[in-house]
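Please view the sequence and the model together, and then read the points below.

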Amino acid sequence: MSWGTELWDQFDNLEKHTQWGIDVLEKYIKFVKERTEIELSYAKQLRNLSKKYQPKKNSKEEEEYRYTSTRAFLATLNEMNDYAGQHEVISENMTSLIIGELTRYVQELKQERKSHFHDGRKAQQHIETCWKQLEASKRRFERDCKEADRAQQYFEKMDADINVTKADVEKARQQAQLRHQMAEDSKAEYSSTLQKFNSEQHDHYYTHIPNIFQKIQEMEERRIVRIGESMKTFADVDRQVIPIIGKCLDEITKAAESVDHKNDSQMVIEAFKSGFEPPGDVDFEDFTQPMKRTVSESSLSNSRGDGKYEPKFGGKSKGKLWPFIKKNKGAGPEDFSNLPPEQRRKKLQQKVDELNKDIQKEMDQRDALTKMKDVYIKNPQMGDAASVDHRLSELEQNIEKLRLEVQKFEGWLADVEGRLPARTEQARRQSGLYEAQNTSAVNSCAQDRESPDGSYTEEQSQETEMKVPATDFDDEFDDEEPLPTIGTCKALYTFEGQNEGTISVAEGEMLYVIEEDKGDGWTRIRRNEDEEGYVPTSYVEVYLDKNAKDVYKSLQKISE
């Protein structure tokens, strides 16, 4: 496993990745500094620090926590929430053993990284210069061949003209010989330059770049080991002062020891590998074929002809020789066929995952509407069951469209994976687990809720409810603390709450409102400390307390 052979065409990505590694190290230094300041303010501020450095959900920063070193950092943040008390000596020890050491190491790391990438750019500039020299030599060879052909044609024309003097014919012959010799010299120079370029290109891709990238890999692995050692020191400092949180520190140590630089290096390969092979040698293009023959002394009187030169263009040398010359910009095709094989597979997998999530959202909405329809069927006074049929039909159509899209992208994905080299066993296991989870989530709601005669089947509904994740409607009953009162209400009609989660009320009864109607036609009320539930909003007249409502909304925002 070597970046020099696996990532030979990923110079820019390696530059970004190593810079990101330094940023992570500086972020960790900043984190330790802030923790030493917060140690004096006890556990509450320490928990705030942990929350501050948690990765943002659904962002690029969250993806960065795939690496073992950053996962160890995340484990450290999580364990800090369990600290009950801290001491000033922790701040002093962390400042000397971690912050001071890592700050000096970061400066050395920056200088080393700068030197390696300077060598890489120098090697790129050298191979580009060699390519330009090759192109110039080839154009010169082509030009001299054309001029030699024209001189040959002119000589043959002069030789055939009886009105031209012998001196003019001799001059034309000498000019043709001179041009022919120039073409031969250009050919020899082009051949020599081509051999030199192919040799330089081979050394570039198989010697210089691998050596430079190997040094970068070793530098990056040392960084990963260093941050792991620092995390272990982070735990040891705490262990000396706070024995009662030894269990938490053991978990941090375990996370630090799980840092695997080889595994992280392999993940970089998986993330950036294009799947292309290095370019082969450039073919020799011979421009001497249009020349009818070699000019000689005996050709003066009997050489005739009307040879025509048809230049040939194209060839493999016109193609892409290395990936850092040009990059395509703009939106690509739907199947990502403009991307390298490995990157295309990842894009297709990401698209399939997004579509599966969209399918799950649509199915959750369908299930919620189906529950509402069932309630309306059992209690017609609450609403018209037919009013949700149109929306259910739309959801079914959306689900079907999304499934077709999934099938299309899965077909492209299967085609790409069939052409790619076999992935590692770990990657296959992770991919298989993810696909199994998605398949289970999609299939869990795939059964039709209606029987052949159009009636609703309760057993199917129950089975679906067991498989589908709980909706917001169900989650309301899992709160550990009672919701505050935000107003009162008066029952306009009698309601018999026979379904789970509902509550019976009598006409004219006064009750407390603890949750407004969220758009689903239900209001949550409370009779006393032990009796609360949902009633149809149309069955009650609500009197909200503005101040209590504002407090309730503030609490909701905090909980979110």
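Does E342 count as buried or exposed? At 8% relative accessibility, E342 counts as buried, where buried means under 20% relative accessible area, exposed over 50% and partly exposed in between, with a 1.4 Å probe and protein chains only.

This is a predicted model, in which local features need pLDDT of at least 70 and side-chain atom pairs count only at pLDDT 80 or more, while totals for chains, interfaces and linings use all residues. Residues are numbered from 1 along each chain as its sequence is written, and side-chain values use heavy atoms, with hydrogens and water left out.

**Overall composition**

- The chain holds 16 helices and 5 strands; helices (H or I, at least four residues) and strands (E, at least two) are DSSP runs, numbered from the N terminus.
- Of the 560 residues in the chain, 41% are buried.
- Among contacts with a separation of 6 or more, 76% join residues 24 or more positions apart, a contact being heavy atoms within 4.5 Å.

**Helices α9 and α11**

- Two packed helices are described by the angle between their axes and the distance between the axes.
- Helix α9 (residues 261–272) and helix α11 (residues 341–378) have axes that come within 7 Å and cross at roughly 85°. Axes are lines fitted to C-alpha atoms, for helices over the stretch in contact, and angles run from 0 to 180 degrees between N-to-C directions.
- From α9, the residues E270, A271 and F272 meet E342, Q343, R345 and K346 of α11.
- The residues of this contact of α9 with α11 divide into 2 nonpolar, 1 polar and 4 charged. Ala, Val, Leu, Ile, Met, Phe, Trp, Tyr, Cys and Pro count as nonpolar, Asp, Glu, Lys and Arg as charged, and the others, Gly among them, as polar.

**Helices α5 and α8**

- The axes of α5 (residues 68–80) and α8 (residues 246–257) come within 8 Å and cross at roughly 170°, which makes α5 roughly antiparallel to α8.
- A72, A75, T76 and E79 in α5 meet C248, E251, I252, A255 and A256 in α8; the residues of this contact comprise 6 nonpolar, 1 polar and 2 charged.
- E79 counts as buried at 17% relative accessibility. Leaving aside neighbours within four places in sequence, E79 is in contact with C248, E251 and I252.

**Aromatic rings**

- The count comes to 17 aromatic pairs. Rings of Phe, Tyr and Trp (its six-membered ring) pair if their centres lie within 6.5 Å; planes under 30 degrees apart count as stacked, over 60 as edge-to-face and the rest as tilted.
- F31 and Y53 form an edge-to-face pair, because their ring centres are 5.8 Å apart and their planes are at 70°.
- This pair links distant parts of the chain, 22 residues apart: F31 lies in helix α2 (residues 11–38) and Y53 in the loop between α3 (43–52) and α4 (60–63).
- F31 is buried, with a relative accessible area of 0%, and Y53 is buried, with 9%.
- One aromatic cluster is formed by Y28, F31, Y53, F73 and F234.

Terms used:
Angles under 35 degrees count as roughly parallel, over 145 as roughly antiparallel, 65 to 115 as roughly perpendicular and the rest as oblique.
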